Every structure is written in structure tokens, then in C-alpha cells.
Amino acid sequence: MDWTELSIITTSEAVEAVSNILMDHGAAGVSIEDAKDFEKLKPGRYGDHGEIVDPKDLTHISQGAIVSAYYPNNQQIDQQANQIAAKVRGLTAFGLNPGPVEVNLTPVVNQDWQTAWEKYYHPVSVSRFMTIVPSWEDYQPKVPEEKILRLDPGMAFGTGTHPTTRLSLQALEIVMQGGESILDVGTGSGVLSIAAKLMGAGEINAFDVDEIAVRSAEKNIKLNPAAKDIHVAANDLLKGIHQQVDIVVANILAEIIIPLVPQAWDNLKPNGYFLTSGIIKDKFETVRDAMADQGFEIIETLKMKDWYGIIAQKPKDED
Ligand SMILES: C[S@@+](CC[C@H](N)C(=O)[O-])C[C@H]1O[C@@H](n2cnc3c(N)ncnc32)[C@H](O)[C@@H]1O
């Protein structure tokens, strides 16, 4: 996918407000170059300039600030540039000096970012029976039982190598027997849904709040013929989803799992499993308690490095 960089020349005092305007127009993040930050580089314990690098050698702007944001081309940010500039000029109404408000649009070829990491990504054995193989690698299974999951994560999370993904894969292997209906919340590259299909799952619906992830998952499903009937859609957690499935799996940060707990409960059949991962050590008890308070039985806790996964089950008798 190609992107456009939109940058605005403004003042140090307006940096935060301009960033908010760019975020309101759909930027995932902003980068800020502020002359004031450069002025803050003071002499200190590392020598005359207080820094390991001599500030004189750093490229910098001498006044004002530049706020930049990146937008996928399909957002047609060029058509919103005038509106954005007007909003920035309107900051005077809030007592802020917006400065020159010079807006620049520059095409960014994304290919390089997207492929730079590819040279470090090779087939990885994620469990006893599953190997994740980058879409561009030629790879033959070493033993007949080995399942091959082809993946091109692109810009979505989920190469299969992260501990949180591995914990989720382990949890699926522990509870699955074949034929299960599954909701995969925060599917990213689609790795968990595709793996579940290779393990014999039945109907799978995968969701992600990020459109880029949805497209990435769709692309990866096409790379794995066995997974072709997985449905992927953009959705915020399980809002508006009303099903009765055997497994809800979610590898998302603890803060996001908490609001998912009641939604998972409502979408699970009695005896259904709620598999969660992405839980950092400090948040483990909070998530576990939220599940227990909902009525889930905690069946098993999985751990890898500082990350935790939980296998919870909705009891047969809800009373
Ligand atoms: C840690 S990644 C997990 C990706 C993949 N399932 C895996 O296990 O490798 C978390 C994913 O959750 C998605 N996500 C975050 N908040 C969400 C929400 N409220 N609803 C749906 N998806 C969300 C992110 O976009 C991201 O793709």
C-alpha cells in the first residue's frame, strides 16, 4: 500500500492541537519536529552539549515546529488538506498562534518499510505440529504430521513469533478436538484463525478494529486453501455480534480484554472456552479476576517470558 505524508509548518505552542487535528482526520500517529526541543539540549555530564551526539551535527529546524502524519492513499487525505489547514488556522480562536500553516503533501512508497523486515523472517516452528512459513519461502514439511501455515503479515501484527501469539496457539492446541466454531477477536494477520482451521476448526469469524489488519488477514487466508471459508470483518471487539460458539480467542492487551469478558460470555455456549493472551504480568490478576467475576472457571494459566495466557471455561450450569 502507498501512503501520503502530510506535514504542517506551525509553532511550538500549537504542536499538540495540530497533532489532535491530524489524528481526528485518521492518522494513526504523528511525528513532531520542534525547534524548542533542540534548544533543550543543554551542556551536561556527557560534555559540552550534554548529549553523546553533538547537537550541531543533528539536522534540525531553527524555529517553529513541523507536525507530520501518514495516511494510506485510500483515505484521500489530499482532498482534506484545505479543511485541515482551515482548522489549524482556526486555532487562533483558542488563543494559539498557528504560525505559517504551510501544508505539504509528499508521496511515501511503503514498499520499503513493509519488506525491510522480510530478510529476518524465516520459517518458525510455533508448536510441535505447526510451522509458520513466510509466503515467499520455499519450504517442505519435515514430518508428515507437520502443518504449514503460510503467512505474509505485512503491516499487521502476527508473524507467529511473538510470545503472546504462541501462547494463544498453545491454548488452541490444548482445548481443540476438531469441528469447533470460533470467534477470533483482534485477528491481526489472521494467524490464529488460520492455525485453528489447520487444527480442524469448523466455522470461524475473525474480527479486527484495524482495516489494515482485516485486509492482511484476508490476504493470508487466500495463501492457505484450507482456511478459505474463514470470514473476516472490521469490528470493535464483539460489539453487535450475537452467536453461540465453542471458542472465543483473543490476543489483545489486558485493558482491551476486560470489556471483552462479558461479550465473550454472551457469545459462548455452555462449556465453551475463552482463550486470552497478550496479558502482561502486572495485569494478569486483574484480567483473571474479571473473568472469574463474570462466572468463568479458570482452567489453566500459560506463561511465556513476561506474558500470560488464560484458558477459561463457561460452566455448563450458569446458575
Ligand atoms: C496483539 S495483536 C494479535 C494479532 C494476532 N491475533 C496474533 O495473535 O498474533 C492484537 C490485534 O487486536 C486488534 N485490536 C485492538 N483493539 C481492538 C478492538 N477493540 N477490537 C478488535 N480488534 C482490536 C489490533 O488491531 C491487533 O491487530
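In strand β10, Val232 is the bridge partner of Ala206. Strands β9 and β10 pair in the parallel sense over 4 bridges, where pairing requires that DSSP finds at least two bridges between two strands. Helices (H or I, at least four residues) and strands (E, at least two) are DSSP runs, numbered from the N terminus. The model is predicted: local features need pLDDT of at least 70 and side-chain atom pairs count only at pLDDT 80 or more, whereas totals for chains, interfaces and linings use all residues. Residues are numbered from 1 along each chain as its sequence is written.

The chain has 9 helices and 14 strands. An open sheet of mixed pairing is formed by 7 strands in the order β10-β9-β8-β11-β12-β14-β13. Its edge strands are β10 (231-234) and β13 (297-304), each of which pairs on one side only. Neighbouring strands of this sheet are turned by 15° against each other on average, direction ignored.

Helix α7 (residues 211-223) lies across β9 and β10 and runs at about 170° to β10. Helix α5 lies across β11 (245-251), β12 (268-280), β13 and β14 (307-313), and runs at about 160° to β12. For these angles, axes are lines fitted to C-alpha atoms, for helices over the stretch in contact, and the values run from 0 to 180 degrees between N-to-C directions.

Further pairings involve strand β6 (residues 130-134). Strand β5 (residues 124-125) pairs with β6 in the antiparallel sense over 2 bridges, and a hairpin of 4 residues joins β5 to β6. Within this pairing, Val124 has Ile132 in β6 as its bridge partner. Strand β6 also runs parallel to strand β7 (residues 147-151), to which 5 bridges join it; here Met130 has Lys147 in β7 as its bridge partner.

**Ligand surroundings and annotated positions**

An unreviewed UniProt entry lists Thr165, Gly186, Asp208 and Asn251 under "binding site". The UniProt positions are given in the numbering used here, feature names are shortened, and annotations may be inferred rather than shown by experiment. The ligand is surrounded by 23 residues, the closest being Gly158, Thr165, Gly186, Gly188 and Asn251; a residue belongs to this shell if its C-beta atom, placed from the backbone, lies within 6 Å of the molecule. The elements that give two or more residues to the shell are α5, α6 (191-198) and β9. Helix α5 gives the most, with 3 residues.

By residue class, the shell divides into 11 nonpolar, 9 polar and 3 charged residues. Ala, Val, Leu, Ile, Met, Phe, Trp, Tyr, Cys and Pro count as nonpolar, Asp, Glu, Lys and Arg as charged, and the others, Gly among them, as polar.

Thr165 lies in helix α5 (residues 163-175). Leaving aside neighbours within four places in sequence, Thr165 is in contact with Gly158, Gly160, Val191 and Asn251, contact meaning that the C-beta atoms, placed from the backbone, lie within 7 Å. Asp208 is found in strand β9 (residues 204-208). With the same exclusion of neighbours within four places in sequence, Asp208 is in contact with Gly186, Thr187, Gly188, Ala213, Val214, Ala217 and Ala234.

**Burial of selected residues**

A residue is buried if 20 or more other C-beta atoms lie within 10 Å of its own, exposed if 12 or fewer, and partly exposed in between, with C-beta atoms placed from the backbone. Buried residues make up 35% of the 319 residues in the chain.

| Residue | Other C-beta atoms within 10 Å | Class |
|---|---|---|
| Asp208 | 27 C-beta atoms | buried |
| Ser68 | 18 C-beta atoms | partly exposed |
| Val101 | 19 C-beta atoms | partly exposed |

Ser68 has its place in strand β3 (residues 65-72). Not counting residues up to four places away in sequence, Ser68 touches Glu5, Leu6, Ser7, Val30 and Ser31. The C-alpha atoms of Ser68 and Leu105 are separated by 9.6 Å, although the two residues are 37 residues apart along the chain.

**Backbone angles**

Most residues other than glycine have a negative phi. Val101 has a positive phi, near 50°, and is placed in the loop between α3 (81-89) and β4 (102-108). Leu237, which is not a glycine, has a positive phi of about 45° and is found in the loop between β10 and β11.

Terms used:
Two residues are in contact if their C-beta atoms, placed from the backbone, lie within 7 Å.
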